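Subject: Structure handover

Hello,

Here is the structure for you to look through. Please open it first, then read my notes below.

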Amino acid sequence: SIKYIDVNSINSFAQEIKKEYGRVDVLVNNAGVNMDGQFSHENAKLTLDTNYYGTLHMCKAILPMMEKNGRIVNVSSVCGHLSSIPSSDLQAQFTDSHLDLDKIDQIMKDYLDAVADGSYTKKGWPSHRSYTVSKVAVIAMTNILAKQNGHLFINSC
């Protein structure tokens with residue numbers, strides 16, 4: 001079984017797939033958790049680690065095995081709509097034309113820091129909604145991967 005929050009587990013899985021099949025035609029990332037009913041810094045981190053970072057690491061592990069016209073579908077949520085983030089400044093960060101994976105990583109770290117010190121709503125994040133934040137990040141990450149890998153069909157839904 002894959003431990004979706006463990007990059008080593010994901011990489012081991014990818015190596016098994018490569019050894020057994022040599023390539024991947026379709027990847028559907030559908031793993032996810034919603035811990036918002038028990039909102040805490042620990043649960044916010046678990047939510048981001050699973051929903052955003054797990055999806056990102058799985059994509060990175062599988063992308064080298066994909067050939068032209070392969071497909072990646074990252075399952076998101078209606079909760080991941082950008083309008084779910086109250087702050088227009090934060091919305092602008094997610095839609096910045098220079099946004100890259102490192103910048104998303106920094107945004108996620110800033111969010112977790114704000115959750116840790118209790119300032120997240122003052123900084124424009126939704127109240128008790130790590131799931132929302134994680135899915136907005138998944139959509140932004142998916143858009144970046146799609147631009148970087150024009151030979152593949154990469155989308156979120």
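Start with helix 1 and helix 2, which cross in a right-handed sense. This is a predicted model, so keep that in mind throughout. The two axes come within 9 Å and cross at roughly 30°. Angles under 35 degrees count as roughly parallel. Helix 1 and helix 2 are therefore roughly parallel to each other. Which residues meet there? Helix 1 brings Val7, Ile10, Asn11, Phe13 and Ala14. Helix 2 answers with Gly54, His57, Met58, Ala61 and Ile62. By type, the residues of this contact are seven nonpolar, three polar and no charged.

Now step back to Ile5. It sits in the segment before helix 1, which covers 7-21. Ile5 and Gly54 are 49 residues apart in sequence, yet their C-alpha atoms are 5.3 Å apart in space. Leaving out residues up to four places away in sequence, Ile5 touches Leu46, Asp49 and Thr50.

Next, the whole chain. It has five helices and three strands. From the N terminus, the order is α-β-α-β-α-α-α-β. The radius of gyration is 16 Å, close to the 15 Å that the globule rule gives for 157 residues, so the chain is as compact as a globular protein of that length. Along its principal axes, the C-alpha trace spans about 50 × 35 × 25 Å.

On to the sheet. Strands of a sheet pair through backbone hydrogen bonds, either parallel or antiparallel. Here the sheet is open, with three strands in the order 1-2-3 and parallel pairing. Neighbouring strands are turned by 5° against each other on average, direction ignored. Strand 2 takes in residues 66-74 and pairs with strand 3 over four bridges, in the parallel sense. Look for Arg71, which stands opposite Phe153 in strand 3.

Two helices to check against the sheet come next. Helix 5 (residues 130-148) packs on the sheet and touches strand 2 and strand 3. Its direction makes about 165° with that of strand 3. Helix 2 (residues 41-62) lies across strand 1 and strand 2, running at about 175° to strand 1.

How do helix 2 and helix 5 pack together? Their axes are 8 Å apart, at an angle of about 15°. That makes helix 2 roughly parallel to helix 5. The crossing is right-handed. Residues in this contact include Leu48, Tyr52 and Leu56 of helix 2, and Val133, Val138 and Met141 of helix 5. The contact residues divide into 11 nonpolar, five polar and one charged.

Angles over 145 degrees count as roughly antiparallel. Leu101, Ile104, Met108 and Tyr111 make the contact from helix 4. On helix 5, the partners include Ala137, Ala140 and Ile144. The residues of this contact are 10 nonpolar, one polar and no charged.

Best wishes

Notes. Residues are numbered from 1 along each chain as its sequence is written. This is a predicted model: local features need pLDDT of at least 70, side-chain atom pairs count only at pLDDT 80 or more; totals for chains, interfaces and linings use all residues. Side-chain values use heavy atoms; hydrogens and water are left out. Two strands pair if DSSP finds at least two bridges between them. Axes are lines fitted to C-alpha atoms, for helices over the stretch in contact, and angles run from 0 to 180 degrees between N-to-C directions. Contact means heavy atoms within 4.5 Å. Angles under 35 degrees count as roughly parallel, over 145 as roughly antiparallel, 65 to 115 as roughly perpendicular and the rest as oblique. A crossing is left-handed if the near helix is turned anticlockwise from the far one by less than a right angle, and right-handed if clockwise. Ala, Val, Leu, Ile, Met, Phe, Trp, Tyr, Cys and Pro count as nonpolar, Asp, Glu, Lys and Arg as charged, and the others, Gly among them, as polar. The radius of gyration is taken over C-alpha atoms; the globule rule is 2.2 Å times the number of residues to the power 0.38.
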